[in-house]
Each structure stands twice: as C-alpha cells, then as structure tokens.
Amino acid sequence: MPVFDFTSTTPDTQSVCTYTTFQSSASIATADAPIMVIDHSKRKWAHHANGVFTNPVKRTSFEFELDGEGMISADILEIDIRFVALLKWLGENHIQVKLSGENTDRGYAVYKIRENAFNGGNKLSASDGFLEFMMERLLASDAPTDDMEEDDPEAEGDDMKLTSLQSITDFITCAGRTLPDNIRLWARRNLAVANSHEVTVEERRHAQRALSMMMNIQWKNNYFESIDPVEARRILDEELYGMESVKQRVMETIIQINRTHTLPAYGLLIIGPAGTGKSQIAYAVAKILKLPWATLDMSSINDPEQLTGSSRIYANAKPGIIMEAFASAGTSNQVFIINELDKANSGKGNGNPADVLLTLLDNLGFTDNYMECMIPTSGVYPIATANEKSMISAPLMSRFAVIEIPDYSPEEKAIIFEKYAFPKVLKRIGLSPEECVLTKDGIDAVIEKHRNLSGIRDLEQDAEHLVANALYTIETEKIEKIILDRARVLKILH
C-alpha cells in the first residue's frame, strides 16, 4: 500500500512503491526492530529528521528538511506492515513529522514518529497526543495475517482526541486492522451514521459515543503468554492461608494456560461461607494473570438491562455494566469477578440477570443493546463467588469449575489472626510489633469469641479494634508498649 501525494495526481500518473513490507509483532520499536527503513546510500541522516511523507514524483519517500538545502528526498525501503495505513494517511494529509532513527547497514532505521507543531495547517494538534496514541496502539497489536484494503472515509469534526469524529475516522483508517473484523465493519457503519444528516441529532450522538468507547479498547487476540508458576505460587501463599485445594486448582489452571496459551473453557466458581476470603482468591488470580479486573455484584443487579444496556431508541440510552467494564479496563482481556452469583436469579419482572450471564460465560461473544455489536469475550476469565450452592441454576453451574471452601477450624483461625490479620493491621495503623504485643492467651480470647462464627472477616475487624485501642492508649497515656493479654482483649472486645 504505497504513499502518494494526491495534490496533482492524474489518471495517467504511474506511482512507484519503493518499499517491501515485513511482519513484526514487536511491542517496542528500536533500531534493530524499526518501524521503517529509509534509504541512506547517498548520505547519512541525522538522529532526528523533520519532513513529510510525500514526493512530487509520486514515489513512496520521505522528504527531509535540511538547513540551507531545502527538501531532500529519500526512498522508503522497508516498513512494518502494521504501519502501512498510518504512513499512507500521514502522506495524504501532509502531516509534518519528526523522525528519530539510527543509520544501520539496512538504512536509516526509524523507531519513533512524532508530529511537529508548526506551519499551522496540520490536521493534528501536536499537543493532544493522538499520533502517539496511534503509534502505541499499533505497536501493541499483532502483525496482520493479510494485507487488507481499507476504505477512505472522510469526516469533519472537532479536534478532541479519541472522541471527535475526525480522530475516530483517522484511527479507523490508520489502525483499523487492529480491530476484530466484525468490529471494524460495525465501526464503518456507525461512522456513516455519525456523519449523516439524514438521522436525528440523538442518533448521531449515540453513534459517536459508541464509537468512542469501542475505539478506546485494545482488542487483543486470545493468546496468553506463559506464567511463571513459581511466582504464581508465591502470590497465592502470600494472599491466602491454607486453602490447598484452591491453590492446587489455580496452579492447574496456570499450567494449562502455559501449555495451550489460551484461557480454560470454564471459569472458577468459589462457594463458601461469608468471610472466608472468596473475593481475595479472585483478586489473587487476576494478579497472577496480570490482567485488569471488573466486579459484577449480582445482589445489586435486578434488571438484565443493567448488564446488557438500553436501546439507542431512548434519548437517555447507555451501555450496560459489562460493556462499561471493557471500556474502563481499556482491554478485551480481563478477569470478571462475579460476586454473589447465588443472587443472580432475583430478577424483578423484567427478566433474569442470570440469563444474560450465560452468554458472557459461553465465550462466544456478548451483545450489548446500546453498542449493537457482538463483543468478543474469548479473553475474559470469569471467577464467581457464592454462599449457597443450591441457589445457583444448573445452566449457570455448568459454566464453572466449582471449588467449595469449608469454614476454618479454630486452630486455622488462630494462625490467620496471629500471622496475617494482626500484623497486617499493625502495619496499616503504623505500630511496630514491639509497641503492641499480642500474647497467646490474648489470641485464644479472640478465637473463643469467633468459635461459632463462619469466615475470617470479623477477625480482621477485631484486630483493627485492638490495635486502634492500643494506639489510643499509647498516645494519650504516653507509654511505650501495650500488652494485649486475655484480660485486656476481653475488656476491649466486650
């Protein structure tokens, strides 16, 4: 896909493409893995070079602006195929740019392209970072498998980065191949609606809003890099005490990802009494996978429309929680933490939220009513929590690998309080272990209080109470140390 200067092109003009393309998925451009290579056989170019991607004789070249010499042209020899559309767009719009590169055996290897803030006629504003955003997005993408032909839509709009019709149009033109096929086609259609004067203002506004959300998401493929199992185990041991069956299941998932480089077909459903650390397990898995996470609290979702969004026929229409989670994370690969899955059947007359979850969990794609487009979900890993297994429907249960967590024994609660909860609160409040000493009979007094209570959340709350009281006593009575023995613990927690 050559770059032309169309200002004087005639039907008889034969344009010359001087470069060859190469495949690259490098996320950082360097002199060894450049964006493009420019001919330097006639002269070596400086580290930084100003100019434009255009040439009167219709060759795919870069015109260097040199002090005292005017504009000197050099052919483009090689280019990363991901940047072909961007190069074409920069040339067509005569965008003044600054290249950063290095002279190598291959030629002048360009590893950075920035816009210059001069001449007043640029299509971009050098201060808004739009070109930098496109460069980052293209570098984050994988090399396309084929050389697709792109349409050349035109649009007028304001100059707000990522929200204006102009910037959306330019992004689709330059980085459209980073989008899944169905989303790229959807974007073309919605761009036509946003530009049309044959629809209402509300329809144009909704189309532009939907486009802005969709373009801000990095749509990745379902390939996952290998995860260090030693580091994964360290995180699990740091975040969770005991729970060996849970850790074993998580490690099995990690090994499976390392072998297949894809997420497992089933997410995790963690069932257990309140306060047993179910959500903490989900956060630990997200940390191990190095993915952002979104939380869906099913106890507060009574209408399926909260998940699926509302139709654009309404003036106050908006996307659903699931689509907003994608937009907030900025990536299609993430962990969905579905809290209180056993409350998902509590719809109030307008449908069942659990039915919406089924399409999300099938990994076949999710359709939001506002976006009117199937959202790829192959990079979503769901982790659900619940208290009552009997309250979850069979279809929902079949989408998960189920892990049941029993309540902790008094001995386990004592270890968790002494080794985890109490030191954690000491650090948070700012007391040293020497200033606030917890005795063995003090620990026993705490555990006796919680012997018939499920979970461990109340243990940390009691630790907070004890340490806060100790800090108050130290500060008001000007003493150096507090001993939390049985008598003092019972007095504070009475």
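The largest nonpolar core of this predicted model holds 88 residues. A nonpolar core is a set of buried Ala, Val, Leu, Ile, Met, Phe, Trp, Tyr and Cys residues joined through side-chain atoms within 4.5 Å. Buried means under 20% relative accessible area, exposed over 50%, and partly exposed in between (1.4 Å probe, protein chains only). Met 36, Ile 38, Leu 86, Ile 113, Met 214, Leu 341 and Leu 357 touch the most other members. Helix H2 (residues 130-140) supplies the largest share of this core, 7 residues. Helices (H or I, at least four residues) and strands (E, at least two) are DSSP runs, numbered from the N terminus. Another core lies apart from the largest one and has 57 residues, including Met 243, Ile 257, Leu 426 and Ile 447.

Rings of Phe, Tyr and Trp (its six-membered ring) pair if their centres lie within 6.5 Å; planes under 30 degrees apart count as stacked, over 60 as edge-to-face and the rest as tilted. Phe 133 and Phe 171 form a tilted pair, with 5.7 Å centre to centre and 40° between the planes. Phe 133 lies in helix H2 and Phe 171 in helix H3 (residues 165-175), so the pair ties together parts that are 38 residues apart in sequence. Phe 133 counts as buried because its relative accessibility is 14%. Phe 171 is buried too, at 2%. Elsewhere, ring pairs link Trp 45, Phe 53, Phe 62, Phe 64 and Tyr 108 into a cluster.

Charges also sit over rings. The criterion is NZ of Lys or CZ of Arg within 6 Å of the ring centre and within 35 degrees of the ring normal. Arg 106 lies over the face of Phe 22, 5.8 Å from the ring centre. Arg 312 lies over the face of Tyr 370, at 5.5 Å.

Confidence is given by pLDDT, the predictor's confidence in each residue, from 0 to 100. The protein chain averages 84, and 88% of the residues score at least 70.

Residues are numbered from 1 along each chain as its sequence is written, and side-chain values use heavy atoms, with hydrogens and water left out. In this predicted model, local features need pLDDT of at least 70 and side-chain atom pairs count only at pLDDT 80 or more, while totals for chains, interfaces and linings use all residues.
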